[in-house]
Amino acid sequence: MRAAVEALLATGVAVHDGFLDARALRALRTCAERRMRGGEFRPASIGAGGDRLRHAEIRGDSICWLAEPRYAAERDLLRELEQLRLGLNLEAGLGVFELELQYAWYPPGAGYARHVDQPHGRTARRVSLAIYLNARWDPRAGGELRLYDAAGACLDVEPKGGRLVWFLTPGREHEVRPARCGRWSLSGWFCSRP
Ligand code: OGA
Ligand code: MN
C-alpha cells in the first residue's frame with residue numbers, strides 16, 4: 001500500500017498491472033455486461049448541473065454508476081479500493097472520504113477529448129483512477145489514456161486488462177484515444193468533503 005501511494009505521489013501518476021487478477025477481471029466484466037443488458041448504462045454527458053450536455057464527439061462512452069454494489073465481485077472491488085483510500089489518507093494525508101465509481105463502455109471509434117476531471121465549480125475530486133476490463137487488449141487497437149504534463153508532454157497508458165492507473169486529479173489534463181474495438185473500464189474518483 002505504501003509503495004502504491006508513494007508511486008502516485010512521486011510523479012502524480014502511477015500504473016499498477018495486475019491490480020485485478022484474471023478471475024476478478026472476468027467477474028467484473030460479467031457484472032458490467034449484465035448491467036448493460038439490464039439497461040443501466042446511459043450515454044455520458046459533460047459539464048455539471050444545468051450545464052450538463054451530451055456531446056458524443058467530445059465524449060462517446062456510456063456509463064453506469066456503481067453506487068450500490070450488487071454482486072460479490074463488486075463488493076470485493078470496493079473493499080480493495082477502500083484500502084487504497086485509507087492508504088491515501090494514512091500515507092499522504094490527502095483527506096479523501098468518498099469514492100465515486102462508474103463503469104464505462106466506449107464503442108469502437110469513441111473517445112473522450114482532452115479534459116480535467118473537475119467539472120466547473122467542483123474541486124472535491126482529488127485522485128482519479130481507471131481500471132481496465134478488456135482481458136486481452138491489442139496495443140494496435142488504440143484506446144490509450146493520454147496524460148499531459150504542464151509542459152504539454154504526454155504519457156500514453158494502454159488499457160490493459162486488470163491494470164489500474166491513478167493520478168492526482170487537480171489540473172491534470174488527459175484524454176481517451178479512440179479505439180478500434182469496444183473498451184470496458186471502471187473510472188473512479190477519491191473525493192474530499194465538499
Ligand atoms: C474519465 C477518464 C480514463 C480512461 O472517465 O474521466 O478520463 O482511461 N477515463 O478510461
Ligand atoms: Mn477523465
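The model is a predicted one.

**First stop: the seven-stranded sheet**

Select strands β1, β9, β6, β11, β4, β3 and β2, which in that order form an open sheet of 7 strands with antiparallel pairing. The edges of this sheet are β1, residues 13-16, and β2, residues 42-43, each of which pairs on one side only. Strands of a sheet pair through backbone hydrogen bonds, in either a parallel or an antiparallel sense.

Strand β2 is joined to β3 by 2 bridges, and the two run antiparallel. Display Pro43 here: its bridge partner in β3 is Ser62. Next, select residues 62-65, strand β3, together with residues 98-106, strand β4; these pair in the antiparallel sense over 4 bridges. Keep Ser62 displayed, as its bridge partner in β4 is Trp105.

**Second stop: helix α3 on the sheet**

Now select residues 72-92, helix α3, which packs on the sheet. Helix α3 touches β4, β6 (125-132), β9 (164-168) and β11 (183-191). The direction of α3 makes about 130 degrees with that of β4.

Two packed helices are described by the angle between their axes and the distance between the axes.

Helices α2 and α3 pack at an angle of about 120 degrees, with their axes 8 Å apart. Because of that angle, α2 is oblique to α3. The crossing in which α2 passes α3 is left-handed. To view the contact, display Ala27, Leu28, Cys31 and Arg35 in α2, which meet Ala73, Glu74 and Leu77 in α3. The residues of this contact of α2 with α3 comprise 5 nonpolar, no polar and 2 charged.

Then select residues 2-11, helix α1. The axes of α1 and α3 come within 9 Å and cross at roughly 70 degrees. Helices α1 and α3 are therefore roughly perpendicular to each other. On the α1 side, display Arg2, Val5, Leu8 and Leu9; they meet Gly87, Leu88, Glu91 and Ala92 in α3. The contact of α1 with α3 divides into 5 nonpolar residues, 1 polar and 2 charged.

Display His115, whose bridge partner in β10 is His174.

**Last stop: the manganese ion**

Select ligand 2, the manganese ion. Which residues coordinate the manganese ion? The ion is coordinated by His115 through NE2, Asp117 through OD and His174 through NE2, at 2.1 to 2.2 Å. Along the chain, the donors follow the spacing H-x1-D-x56-H. His115 lies in strand β5 (residues 112-115) and His174 in strand β10 (residues 174-176), so the pair ties together parts that are 59 residues apart in sequence. With both histidines displayed, two findings can be viewed together: His115 and His174 are bridge partners, and both coordinate the manganese ion.

Definitions and conventions: Residues numbered from 1 in each chain as written. Chains lettered and ligands numbered in written order. Predicted model: local features only at pLDDT ≥ 70, side-chain atom pairs only at ≥ 80, totals over all residues. Heavy atoms only, no water. Pairing = 2+ DSSP bridges. Contact = heavy atoms within 4.5 Å. Axes fitted to C-alpha atoms, helices over the stretch in contact; angles between N-to-C directions. Parallel < 35°, antiparallel > 145°, perpendicular 65-115°, else oblique. Left-handed = near helix turned anticlockwise from the far one by under 90°. Nonpolar A, V, L, I, M, F, W, Y, C, P; charged D, E, K, R; others polar. Donors = N, O, S within 2.8 Å, 3.2 Å for Na, K, Ca; no water.
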